[in-house]
Number of protein chains: 2
Amino acid sequence: MRGVEALSAINSRPTAVVIADQLRESIIDGAFAPGDQVNEALVASRLNVSRGPVREALHRLVQEGLLLARPNRGVFVQELDARDVAEVFAAREVIECAAGEIVTGRDADRREAAADRLTAIVDRMQAAFDAGDWPRLGRIDLEFHTALVADAGNSRLDRAYATLATEALICLTHFPGAYPERSNVVPGHRELIELVRSGTMEELHRALHEHLSVDDHRLHGHDADGDLRHGRPEGDAVASQP
Amino acid sequence: MRGVEALSAINSRPTAVVIADQLRESIIDGAFAPGDQVNEALVASRLNVSRGPVREALHRLVQEGLLLARPNRGVFVQELDARDVAEVFAAREVIECAAGEIVTGRDADRREAAADRLTAIVDRMQAAFDAGDWPRLGRIDLEFHTALVADAGNSRLDRAYATLATEALICLTHFPGAYPERSNVVPGHRELIELVRSGTMEELHRALHEHLSVDDHRLHGHDADGDLRHGRPEGDAVASQP
DNA sequence: TCGATGCGGATTGTTGACAATCTGCACGTG
DNA sequence: CACGTGCAGATTGTCAACAATCCGCATCGA
């Protein structure tokens with residue numbers, strides 16, 4: 001019984017979760033274009049599983065807002081327009097500022113620990129930047145912000161933010177204008193860390209606002225379908241109040 | 001072709017959604033106690049449907065955080081402790097304050113319209129209060145706050161808030177101490193409306209903070225399982241960042 | 001007596017087949 | 001030629017059976 005500690009828990013994650021993760025990555029990468037139909041049977045045969053798990057995975061992504069299900073018609077990749085991008089970034093700012101408020105309000109030791117965690121992430125960002133790996137840069141960027149929110153210690157905010165982070169990644173893929181000048185990315189995050197370390201909440205709010213503001217003109221010209229908005233999927237996460 | 005306009009779109013909502021709604025209500029009502037197991041086959045036979053839709057409905061509620069799925073074991077009603085209640089109310093304050101910031105920042109006409117919508121809801125609250133129908137009072141209460149968030153016009157915030165509202169309702173059922181003195185409920189909401197109407201953001205923030213603050217001592221003695229916290233369900237909504 | 005081990009019951013996970021529903025096109029009719 | 005109608009194809013929605021997995025308990029050995 002010596003080597004047991006070297007064994008890592010086998011992650012026999014449910015098939016549906018694996019499929020959902022894979023599809024999510026494909027959507028983020030842009031392998032599925034917005035508006036594309038995602039066929040249950042097709043995906044199932046491609047992955048050599050039956051339609052059951054695929055169906056479950058698709059519904060999962062529908063609830064996340066990545067896919068849109070039209071009853072008896074099919075599920076389609078949700079189309080994002082400039083308004084969606086603005087919504088996502090505005091919502092992110094709401095949650096991140098709240099997290100920042102909590103984190104900066106703590107004592108210096110805890111702020112220091114949080115700053116260290118974030119610094120480790122930014123170091124990886126720097127590496128991705130040096131390598132010119134922009135997709136990875138984007139992912140680590142969102143990982144940074146997710147970690148910031150996680151530091152607030154409110155799992156409900158985590159849950160809400162996770163969805164937004166995924167949507168933001170998609171926005172980055174389809175709206176190149178939404179991402180700031182790449183050379184500013186790493187320094188910008190280091191600034192956020194310093195504000196966490198020093199515990200200056202107002203400054204952090206300002207920096208986050210700047211960090212997450214999406215200028216309309218930056219988006220202009222990238223919007224695929226203009227003003228057209230879809231309603232929320234019928235089978236949404238929570239029933240509307242009666 | 002005269003009477004067609006009187007016809008309302010038949011809402012043949014998917015079976016799974018209907019089941020999910022029904023289960024959600026049962027959980028809110030307390031018909032399922034926290035920790036109880038919810039058996040797929042049992043629910044299916046009770047509702048005269050196969051396990052498929054039931055399974056889908058359960059997974060839906062797991063993603064909402066109402067149920068906890070233990071792989072190959074079963075799904076159980078999520079147990080809430082005082083910490084969860086605090087989290088839910090803190091997260092609600094975050095989102096509602098953000099919504100308040102947006103709404104109060106608009107011009108007087110739009111604020112007035114929002115206030116009118118909210119007033120209609122509070123009037124129904126008053127009716128529930130007069131009737132002594134506390135469960136209904138709680139639901140309309142959350143409906144009020146959901147409407148406030150909806151007025152901000154950010155569907156991402158709506159989505160996040162919907163889950164929190166459901167969890168808050170469950171908290172109200174299982175932690176009677178979380179709800180303020182009932183006679184204060186209606187006046188408290190009318191105060192919020194007035195602050196929306198007058199557009200005084202700081203005051204609205206203060207009022208919301210007061211409205212949503214959960215005193216530890218109010219909760220004390222209602223917590224079923226003390227400090228024991230469960231991890232998030234493995235099959236959670238969004239994969240952890242790599 | 002205490003701990004490991006194998007077995008049985010229960011529950012979820014998965015599958016393939018069948019039914020219901022919707023859309024788009026071709027056809028017939030005024 | 002315009003409009004309504006019926007059909008065909010495709011896709012999701014639902015179902016019941018099978019397989020895999022896990023927990024709890026009885027058993028066995030030191």
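I began with the helix pair of chain B in this predicted model: the axes of α5 (residues 108-131) of chain B and α6 (residues 134-151) of chain B come within 8 Å and cross at roughly 175 degrees. I took axes as lines fitted to C-alpha atoms over the stretch in contact, with angles from 0 to 180 degrees between N-to-C directions. α5(B) is therefore roughly antiparallel to α6(B), a label for angles over 145 degrees.

I looked up the contact (heavy atoms within 4.5 Å) between them. Residues of α5(B) including L118(B), I121(B) and F129(B) meet residues of α6(B), among them W134(B), I140(B) and F144(B). By class, I noted 15 nonpolar, no polar and 6 charged residues; Asp, Glu, Lys and Arg count as charged, Ala, Val, Leu, Ile, Met, Phe, Trp, Tyr, Cys and Pro as nonpolar, and the others as polar.

I turned to DNA strand C. It is surrounded by 18 residues, each with a heavy atom within 4 Å of the strand; T15(A), S50(A), R73(A), R51(B) and R55(B) are the closest. This surface has 3 nonpolar, 9 polar and 6 charged residues.

I checked individual atoms. R55(B) places a polar side-chain atom 2.9 Å from a phosphate oxygen of DNA strand C.

Local features need pLDDT of at least 70 and side-chain atom pairs pLDDT 80 or more, while totals for chains, interfaces and linings use all residues; side-chain values use heavy atoms, without hydrogens and water.

Note on methods: Residues numbered from 1 in each chain as written. Chains lettered and ligands numbered in written order. Helix = DSSP H or I, 4+ residues; strand = E, 2+ residues; numbered from the N terminus. Parallel < 35°, antiparallel > 145°, perpendicular 65-115°, else oblique. Polar contact = N/O pair within 3.5 Å; in protein donor to acceptor, adjacent residues only side chain to side chain.
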